[in-house]
Amino acid sequence: MSEHQSLQPLVQLEKHNIALLFTNYLLTLGIDAKVIPEAIINDIGESKQGYTVYCQHDKTEQAQIEFEHFIEQPFDDKYQQAAWHHGKTVTLKGGDSTLLASFKESFLAHAGIFTLVVFALCWFVFLGSELGWARDIFLLLQFYPRLSLGTFFAEPWRLIGPALFHFSLLHIVFNTMWWWQLGGSIEKILGKGILINLFLVSAIFSNLGQFFVSGTNFGGLSGVVYALVGFVWWFGYLAPEKGLSLSKPIIGFLLFWLVLGFLDVLPVNVANTAHLLGLISGCLLAVFHVKVAK
């Protein structure tokens, strides 16, 4: 008995990465699918290596319609995001297979200018800290030691400054990875204006909350990252046709991590208030943009 008996061939493609990209997208739609290497016979009877996309036999009509849309714009961000949800980053390559070309297509192509600027700022600050200027940089970026109207106008950058400072390699890798993935998707699909608004509101909101709970000794992009999670989660729920979504297992993991922080069982210090307020601000901004600012 064949393991593919419940699947039937849908389309044959020459490039494995394109076949895999479309297959991952079908899986996010709830259509069972897989890629099988199979020979392709051309018009003159020559055989060459190809890849057949098999899909769920009772959903071939829907899959065919989706393929017609896909093949017109395979570079659309929603297809790459589908691949990411399934743990397989698929890069559509042209003739240039150099490391620089791959970097442009897989990293730079996913993120807009504001996503990349914040990403670079975080790493610039971190590298400066590692080179021996940690104390000076932290004192420059930390939240207001004493909150007042005068200090706000004198040093307005301190409202968002703590979001750019990270205390360890693991801390910055985790935060900037999520910022690049989620922030890049938001900027590509909805525009940089919405991402800038989301960054500023969530950074200010989460920093203020954390300051009132624990003082000024905190930092990191985590509050903003949780705002991105909340925004993508609720925006995808309210407006799924936009192609912005986050899989339920990932949402569950991040919410579980949030709960562990409040239970104080993690081996590291966590800015729990910043995480929670960031998540709330992101959810509310998603509702606002879908229901109010249409």
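Helices (H or I, at least four residues) and strands (E, at least two) are DSSP runs, numbered from the N terminus. The model is predicted: local features need pLDDT of at least 70, side-chain atom pairs count only at pLDDT 80 or more, and totals for chains, interfaces and linings use all residues. Residues are numbered from 1 along each chain as its sequence is written, and side-chain values use heavy atoms, with hydrogens and water left out.

**View 1. Overall fold of the predicted protein.** The secondary structure comprises 11 helices and three strands. Along the sequence the pattern reads β-α-β-β-α-α-α-α-α-α-α-α-α-α. Of the 294 residues, 47% are buried (under 20% relative accessible area; exposed is over 50%, partly exposed in between; 1.4 Å probe, protein chains only).

View 2. Phe205, Phe262, Leu276, Ile280 and Leu284 make a nonpolar surface patch of about 440 Å². Patch residues have over 30% relative accessible area and no salt bridge; nonpolar side chains (Val, Leu, Ile, Met, Phe, Trp, Tyr) are joined within 5 Å, like charges within 9 Å. Areas come from the Shrake-Rupley method with a 1.4 Å probe, and for residues only the protein chains shown count as cover. Helix H11 (residues 272-292) gives the largest share of the patch, three residues. Phe205 lies in helix H8 (residues 192-214). Its relative accessible area is 36%, so Phe205 is partly exposed.

**View 3. The salt bridge between Arg158 and Glu155.** The closest N and O atoms of Arg158 and Glu155 are 2.9 Å apart. A salt bridge is a side-chain nitrogen of Lys or Arg within 4 Å of a carboxyl oxygen of Asp or Glu. The count by this rule is one. Arg158 is buried, at 8% relative accessible area. Glu155 is partly exposed, at 25%.

**View 4. Packing of helices H9 and H10.** Two packed helices are described by the angle between their axes and the distance between the axes. The axes of H9 (residues 222-238) and H10 (residues 248-263) come within 11 Å and cross at roughly 140 degrees. Axes are lines fitted to C-alpha atoms, for helices over the stretch in contact; angles run from 0 to 180 degrees between N-to-C directions. H9 and H10 are therefore oblique to each other (under 35 degrees is roughly parallel, over 145 roughly antiparallel, 65 to 115 roughly perpendicular, the rest oblique). Their crossing is left-handed: the near helix is turned anticlockwise from the far one by less than a right angle, clockwise being right-handed.

**View 5. Packing of helices H7 and H9.** The axes of H7 (residues 169-190) and H9 are 9 Å apart, at an angle of about 40 degrees. H7 and H9 are therefore oblique to each other. The crossing of H7 and H9 is left-handed.
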